[in-house]
Amino acid sequence: MSPRPPSDLNPRRDPALDFPDRDLGELSLEDYEQIGFLGGLEVHQQLDTRGKLFCRCPAGRRVTNVDAEVLRHMRPTLSELGEYDACALMEFKTRKEIVYLLDRGTVCTYEIDDTPPFPIDLEAVKIGLEIGRLYGLNLATELHVMRKQYLDGSIPTGFQRTGMLGLTGEIPFRVPSLGIDRPLRIRQVSIEEDSCREVSDLGHRITFRTDRLGTPLTEVVTEPDLRTPFEVQAAGRLIAQVARATGKVKRGAGAARQDVNISVAGSRRIELKGVGHHRRLPLLTHIEAFRQLNLLRIREELRNRGIEPPSLPDGRAFSWTTSPLVIEASGHLRRCEYAPIKDAIDRQERVVAVRLPGFSGLLSHRTQPGITFAREFSERVRVIACLTDRPFMIHSDVRDYGLDPTQWRAIHSALEADNEDAVIVVWGPASDADTAAREILIRASEAHEGVPSETRQPYLDGTSGFERMLPGPDRMYPDTDTPPLPIEDGWLAEIESRLPELPWDRENRYVEMGLSLGEAVELGASRWAELFDDLSPANKKVARRLAHALRKRIPHHSRLGREAPTAEPIVPLVRALEDESIRLEATEAALDALIEHPEKSAVEVLASFKVTKTVHEEVERLCGRVAESAKDLTDRSRDVLMRWAMGEVMPHLLGKADPMEVRQRLETVLFAEEAA
Amino acid sequence: MSKDLYKGYRDPCLSLLKRHDVTVWCELEAQTSRGEFHGLLLPRSETADPYHLVLKLDSGYNIGIRHDTVQNLKKVGYREANYKIPEQEFPRDPEKPTVRLFGTGGTIASRLDYRTGAVIPAFSPGELYGSVPELADICNLDTEKLFGVFSENMGPEQYLILAERIGEAIREGYDGIMIGHGTDTMHHTSAVLSFMIQNTPVPIVMVGSQRSSDRPSSDAAQNLINAAHAASHGPIAEVVVCMFGPTSDRYNLLHRGTRVRKMHSSYRSTFRTLGDIPLATIEDGFVNPIREDFAPRRSDRDVLVQAAFEEKVTIVYYYPGMQPDVIDALAEKGYKGIVIAGTGLGHVNRKIYPALERANAAGVQVYMTLQTMWGFVQMYVYETGREILELGVVPLANMIPDVAYVKLGWALGVHPDDPEAVRRLMSTPIAGDMTDREPHDGYLVLQGGVPESAKFFTNVWK
Ligand SMILES: [Zn+2]
């Protein structure tokens, strides 16, 4: 039976509250197991098609030109139960103006929702099916285009058109360096249109560029089987590698982006959105795991203190004026010298103070490196109440700036707050300050649940911030503008007939060529795997040495800005290694010389590395010369002397003479007397 | 009637379902030659092919499974969907104006059956309040659903009922009328109502949507809200169309019912006033007239309703090479009126002159309008025009062909036995259907790509 998607909750409900905060790299697999770390990936990969998925605009053109602007709003629609999500409606009321920048060459009336979709791009569907096949999925026989709602404005229609291609597969997941050798379960692959690129998000106005909008993507979703931050990274790399094997996906910046789902024991799935580089995954997921653990600690502390969640009249849609936990604070702060508040009052804005019963000290509880629980509140306020001019909030756990003690006392007494309570003061335009007060109470009540369901925006330092609430389950419904598309057996047969070599098959081939599994995995994932294949070393020794040399030298040269070499000039080196006319030890040096001197012919470059007929005479001559110089060094130990002598001689003989022969010859000339 | 257990499924899928004893809304495990699938069996669209089963997966996606790949179907559960729009009572405020909303079948407000994708119209005040609660801040609302037809099925039969019902509502004292209408033929209905209902003391506002309201980017809510403003407190007592101004969510335009036309198959800003400028803009709750010659709101109830329509009327869209038998056939079939959409200033080729003459002799009224949409019929400039006039063809100035068609149907309906009266009505502007003059900006089709329009789009039209 096909697996049912697990609920948002981590299967383990017992948080490891006593597990101390540690840095990435300090934890073992067992440690992550103890905190109940679970990760899953949703990888979005742009396909290399000529056109977009539902219109005939060109795909993959990035522009900065703006020919026109369109302004829209996103209005929440009725949910499946026929009700508006109070939260969505409230967000709509504090609504954002969404501005789309249009460039004539990359966008037409389809993308801005003024023309119905054109037939789906079959080239993209076929690439998607091929990718699904590579993940070993059960493929659909009929593609149904669905609408997935997004109210954040990133798609002008308010929904993304998407269709399910296949379900339930697995691929070999072998990473010897991490001790991984098991299947990676793939839940599904869908095909969908890419969203807009965000340009800016200031206050009530968010601006998007539309060039990328509508580009075909596949979304690959793994099961939440990843047990450490490094496994998340390795899985991301593997998934990308499989898609790239088709040769029909876009590469480069922004062409593949992943959403990561993380939970720990006692928490629920949190989505980190749009991570562009695999190398960022370990730190982000590690920090997120501990953020969740810290939120669970805060929940535990609230329970220990016997605190009840603040009551929220009318759910999310209540007005703060009805809550005894909120006051308009401007009156108490007339003489406030703290510039941000003073200026706000001068601008006739509103200052509100919110009492959080029993929260004293918790707002300064650490959640992420250098970040405290208070940030969870300010992020919410920033996003939902659209307050952007920082600072817009202070709180009573940090009293060394902002208000003076008299003012804090006045606000506490107006709120009837005691020492066990925390107070947050927030200011901004009146309606935004109202929203902020409401949002602060909502976030406080969520602290009693532990980890609220949300999607988070990853930052470059590895921390993350609130992006939006996780959308409800009702966001998917059929697209009435597109007919179902039968997926013909003939297409699958065609895909089957020209299937590319899969990463694990390639790795197995490398192992057969003489590489260890670790080396094979590394080579397979590298940029020079194709170069290696083109060079096709004929024996195990040469293969292994060549793989090693490429791994050591190619990144070095590319750092120096040299172009990656083609196979042509290097083939003679490999052939020479095979027939032993160049010795293996010379591989790296010869490779360097070939790359550094593209103007010379390979024959010319390799000449100096060749084993020559006169090599024995040369060995004899060099050893003799060294023995002469060694006469001044007789006080050194035999080992030291030998190492020095080899160092003197070998650079001249690298690749030409067998080091064993040189060593024996040196032993003779250096220590002959002793022996005699 | 027994419930349809296999909704939409035909053979070969139907017998497959019966063989495995499963029906729609069954939760299934399907074994197929392409692997195993688990999901809820959905009804099949009647217009889709008969070869696939549709499953709703737990992820919310639908997926099709071809009948001949199925090896086994196992029922593991049953979840039937049942949908209804919850009604919330529309709040009444005696201080606020009261508007009557007539429904004709277009779905201005609707919600979606998330599993099947079917659109369920929302229409009662409670349903409307449920989906556009802002309406309650503007007015009290009474609704009446007159028909359940798509826009393209609106016709004379519906025009008559609609005009009568609007007249009654005005006499009952409503402060304004709104008509929910599909957009495709909204301008035909707005034109015919402009003739059938004269001297209205209150606004009669037609409204619809180009994007259904189950979409977050729908124009429906803004259109409804602005139409409610126009109908409940707006100053313009005419039949008007209230739809998007630009494609951006910014303001609506009020177009005079006889000068408006749907000009794009899918754009939000599809309705344009032709050969003139619109009556007003509506933004942030304010109706801002942009011209002064509108009929103002009055407090009396002296409305004149003349609901009549002769159906044997047609439009002939002229093309080079048209054969005379087209006109002869219409006359033979008993058509009483023909509106020609002629070329240029109002021309047809000489070959059909004899047919026009025969039609005229047979008592068929023939009128000339322009397929250019903009500009005036001027049949004196060229000799051909003068010849056509002599054949009894009556020029209709800058009347839009669609408007001329409904006006002729109405005029012949009102005066079935008085051709002179019909000709008089047709040649006299009644509701702005013909104008004396065209302002310089009455014709505006900006040419894209040229520097000045590029400048306009970057700086102004946002
Ligand atoms: Zn396009």
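User: How many residue pairs are in polar contact between domain 3 of chain A and domain 4 of chain A?

Analyst: This is a predicted model, in which local features need pLDDT of at least 70, side-chain atom pairs count only at pLDDT 80 or more, and totals for chains, interfaces and linings use all residues; side-chain values use heavy atoms, with hydrogens and water left out. Residues are numbered from 1 along each chain as its sequence is written, while chains are lettered from A and ligands numbered from 1 in the order in which they are written. A polar contact is a pair of N or O atoms within 3.5 Å; within protein, one must be able to donate a hydrogen and the other to accept it, and residues adjacent in sequence count only if both atoms are side-chain atoms. With both residues required at pLDDT 80 or more, the count for this domain pair is zero.

User: What area do domain 3 of chain A and domain 4 of chain A bury between them?

Analyst: The automatic or database domain assignment places domain 3 at 503–609 and domain 4 at 615–675 of chain A, with centres, taken over C-alpha atoms, 30 Å apart. Seven residues of domain 3 of chain A contact six of domain 4 of chain A (heavy atoms within 4.5 Å). Buried area is the accessible area (1.4 Å probe) that two parts lose on being put together, summed over both. Of the area buried here, 60% is on carbon and sulfur atoms, and the total is about 530 Å².

User: Which residues of domain 3 of chain A lose the most area to domain 4 of chain A?

Analyst: Three residues can be named, and together they make up 75% of what the domain 3 side buries. They are Arg583(A), Glu585(A) and Phe609(A).

User: How many residues apart in sequence are the parts that Cys57(A) and Cys108(A) tie together?

Analyst: The zinc ion is coordinated by SG atoms of Cys55(A), Cys57(A) and Cys108(A) and by two OE contacts from Glu111(A), at 2.2 to 2.6 Å (donors are N, O and S atoms within 2.8 Å of the metal, or 3.2 Å for Na, K and Ca; water is not among the atoms, so sites may look incomplete). The donor spacing is C-x1-C-x50-C-x2-E. Cys57(A) lies in the loop between strands S1 (38–46) and S2 (68–72) of chain A, and Cys108(A) in the loop between strand S3 (97–102) and helix H3 (122–134) of chain A, so the parts tied together are apart by 51 residues. Helices (H or I, at least four residues) and strands (E, at least two) are DSSP runs, numbered from the N terminus.

User: Is Cys57(A) buried or exposed?

Analyst: Buried means under 20% relative accessible area, exposed over 50%, and partly exposed in between (1.4 Å probe, protein chains only). Because its relative accessibility is 7%, Cys57(A) counts as buried.

User: Which residue meets Arg553(A) in a salt bridge?

Analyst: A salt bridge is a side-chain nitrogen of Lys or Arg within 4 Å of a carboxyl oxygen of Asp or Glu. Arg553(A) and its partner are 2.9 Å apart, N to O. The pair links helix H14 (residues 540–559) and helix H16 (residues 587–596) of chain A, 39 residues apart. At 12% relative accessibility the partner counts as buried; it is Asp592(A).

User: How many residues of helix H7 (residues 374–384) of chain A are buried?

Analyst: The buried residues of H7(A) include Phe377(A), Val381(A) and Ile384(A), and also Glu376(A) and Arg380(A). Of the eleven residues in this mostly covered helix, the buried ones number nine.
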